[in-house]
Amino acid sequence: MSFEKKIKKMFQAPRKGETFELRAGLVSQYASERNETIKQVIAAMTVGKDVSSLFPDVLKNIATHDLKQKKLVYLYLMNYAKTNPELCILAVNTFVKDTEDPNPLVRALAIRTMGCIRVDKMVDYMEIPLNKTLADENPYVRKTAAICVAKLFDLNREVCIENGFLEKLQKLVEDSNPMVVANAISALAEIHETDPSLDVLTVDSTLLKKLLMALNECTEWGRITILTAVSEYETTEADEPSHIIERVIPQLQHSNPSVVLAAIKVIINNVEKISDKTEYENVLKKLGAPLASLVSTPAEVQYVTLRNIRIIIEKYPEILTQYFKVFFVRYNDPLYLKLEKIEVIVRLAREKNASFILNELKEYGYEFDVEFVKRAVKGIGQVGIKVGKYSNKAIDVLIGLINERELYDEVVVALRDILRAYPERSDMVVTTIVQAQDKLVDAEAISSLIWVLGEYEAANFETKLSDYVDNFNELDVPVQNALVYSLVKINVKTGQLKDLLAKIFNNVESVENVEVRDQIFLYWRILSLDDSNELKKLILTRLNNINTTIPQFQPEFRDALLKEISTLNSVLFTTSVGKGAKTTHITKIKDARLSVHNDENLLDFDDDGSGDANNGNTGSDSINILDELNDLFSSTTIQPSAASSSVPAAQTQSTTTSGVSKDLLDLF
């Protein structure tokens, strides 16, 4: 064999293997063999095999009258167009020819494939075929072309605008066929989301009537598109909200959960505009059964539904109260669904159903899944706080769990929260919490114990607190904060524990956390003042009597989420997902304040006004007094003023940061 033949053979395709056999089948002279080979190529592509090397051979089979074969070839082209952008141009003539085919299925297939081939060079050849198909006599072709405009806009918006495709798409909204209308609305909505400045989709009263008329004649996905568009409409006449709701309510009976949620979004966005109270209440009552029925769907759909329900019952808590049993956990529910159901159950707790809910949560406390049990225990505490009439029952259930299941950390935190809401229940709770001291591991549980010791001065509280003082630097930050506050409070209230407090003050320079160190400095300054009655009174005041420990949305954020129902934003509890997402500064849940050391810590100077709102004028005068301490940390020295300090002037002048460890017992 000559050298030239050897070189040529090196660059020839291999004559063995699956690829060689497929290539041979694609160029076979028999149509049936080519058809069968194309099916094998698609099968290989479907399971992830790379068959891009067969692109030229597959492309040769594009010109065929066999519709099934044409679909397979088009599918192959859409999948591998990006790997062979130059060869894609060879198929343009076939695409253009197919858009003029007598068969509407072929015309629609051709324009859909051209829109799905994400190659820049394909854009130059789409103008004529797309213009023809947008005005096609067959509605199936027109609805396919409408979606193709949105794809073209995403690929090259300049070409789309210059050729007037957006105007033609807007005209399709007035089409006589409901599916064409739905696809045109869907395409315009996608374009509007990508570039709101174009304002291509504006729903007015005229368009609203056409959308509502087309609603019942669409497929389920068309209904979702139309309902989404209707939800964006702002009514201008008094009777419009009632009319919209009347036309949309039948969609609540649809079998597709997405249609139901989209209909609920439309109803919620319009129900607040109804002035008649009776009609308003009747509309809300009609939302309960459809929402409850969605809980019988597959687990993934249930999760989406439950996340949306959490948003809805935040504003309309009564619509699902009578359906609370629907949300009870099933044995075969996945964990993420169990946790979400408990979130809904505790929000539906009322006096008339609290007993049933507490019994159900008690049963969950005996399950084996640790995370599920922890959430159930927390839920018992939340229900006990929310429904004060059943707080004693909640306490009994929690004490039973701590005795039978040894759930010390979770139960202690829940009991602590109930105590903060109902201090009169202390006789039943304090002893249980104190007896669990040696079993506590979690930082929040230990903080809860220390708070109870400082608040109620349980038996041997000095000995118990001294154990924590001895290991102060090894404690977690929340525990350190709680310990300092409890010691200061006991000292101000009874004059006891001076030695323990001074021990912490003497070793303040060894405290690593800046927040804890500053807290100690502040308390030391307060205790060193002669005229500190108001400040000490503030220390003894319960700054925040909690009404609930259930996390709640901010009202503005809740209202924004209600407009996002049935979208990804409603599942993630955010308003910042997707192209051109609506901007908002409210992107989180406003959690109920649960940490004792934050609620009653003098260093927690919130500026959101929540303290005044919850506590009347309790905190306003005290905060004005604390304004005088703004210069406390402005220097590196700790120097109370000579006029107001109980420390002698000479001693005060010599007190510096390096000398903070000086014995401070004379302060007391």
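The following exercises, each with a worked solution, concern the predicted model shown above.

Residues are numbered from 1 along each chain as its sequence is written, and side-chain values use heavy atoms, with hydrogens and water left out. Because the model is predicted, local features need pLDDT of at least 70 and side-chain atom pairs count only at pLDDT 80 or more, while totals for chains, interfaces and linings use all residues.

**Exercise 1. The whole protein**

Task: State how many helices and strands the protein has, and what share of its residues is buried.

Solution. Step 1: Helices (H or I, at least four residues) and strands (E, at least two) are DSSP runs, numbered from the N terminus. The protein has 38 helices and 0 strands.

Step 1: A residue is buried under 20% relative accessible area, exposed over 50%, and partly exposed in between (1.4 Å probe, protein chains only). Of the 668 residues in the protein, 50% are buried.

Step 2: Accessible areas come from the Shrake-Rupley method with a 1.4 Å probe, and for residues only the protein chains shown count as cover. The protein exposes about 32200 Å², of which carbon and sulfur atoms supply 50%.

Step 3: A contact means heavy atoms within 4.5 Å. Among contacts between residues at least 6 apart in sequence, 67% join residues at least 24 apart.

**Exercise 2. Salt bridges**

Task: Determine how many salt bridges the whole structure holds, and describe where the partners Glu100 and Lys132 lie.

Solution. Step 1: Side chains of opposite charge can pair when their charged atoms come close. A salt bridge is a side-chain nitrogen of Lys or Arg within 4 Å of a carboxyl oxygen of Asp or Glu. A search of the whole structure finds 21 salt bridges.

Step 1: In the salt bridge between Glu100 and Lys132, the closest N and O atoms are 2.2 Å apart. Glu100 lies in the loop between helix H7 (92-98) and helix H8 (104-116) and Lys132 in helix H10 (residues 127-134), so the pair ties together parts that are 32 residues apart in sequence. Glu100 is partly exposed at 48% relative accessibility, and Lys132 is partly exposed at 38%.

Step 2: Arg307 and Glu340 also form a salt bridge, at 3.4 Å from N to O. This pair links distant parts of the chain, 33 residues apart, with Arg307 in helix H20 (residues 299-315) and Glu340 in helix H21 (residues 335-347). Arg307 is buried, with a relative accessible area of 12%, and Glu340 is buried at 5%.

Step 3: Asp559 and Arg558 meet in a salt bridge of 3.3 Å, N to O. Asp559 is partly exposed at 29%, whereas Arg558 counts as buried because its relative accessibility is 17%.

**Exercise 3. Charged surface patches**

Task: Name the residues of a positive surface patch and those of a negative one.

Solution. Step 1: Patches are made of residues with over 30% relative accessible area and no salt bridge; like charges are joined within 9 Å, and nonpolar side chains (Val, Leu, Ile, Met, Phe, Trp, Tyr) within 5 Å. Lys and Arg count as positive and Asp and Glu as negative, while His and the chain ends are not counted. The place of a charge is taken as NZ of Lys, CZ of Arg, CG of Asp or CD of Glu.

Step 1: Lys39, Lys68, Lys71 and Arg112 form a positive patch. Lys39 belongs to helix H3 (residues 31-46) and is partly exposed at 46% relative accessibility.

Step 2: Glu363, Glu367, Asp369 and Glu371 form a patch of negative charge. Glu371 is in helix H23 (residues 370-386) and is partly exposed, with a relative accessible area of 45%.

**Exercise 4. Residues in loops**

Task: Decide whether Ser566 is buried, partly exposed or exposed, and do likewise for Phe573.

Solution. Step 1: Ser566 lies in the loop between helix H33 (555-562) and helix H34 (568-572). Although Ser566 is not a glycine, its phi is positive, about 75°. Ser566 is partly exposed, with a relative accessible area of 30%.

Step 1: Phe573 is found in the loop between H34 and helix H35 (596-599). Phe573, a residue other than glycine, has a positive phi near 55°. Phe573 is buried, because its relative accessible area is 7%.
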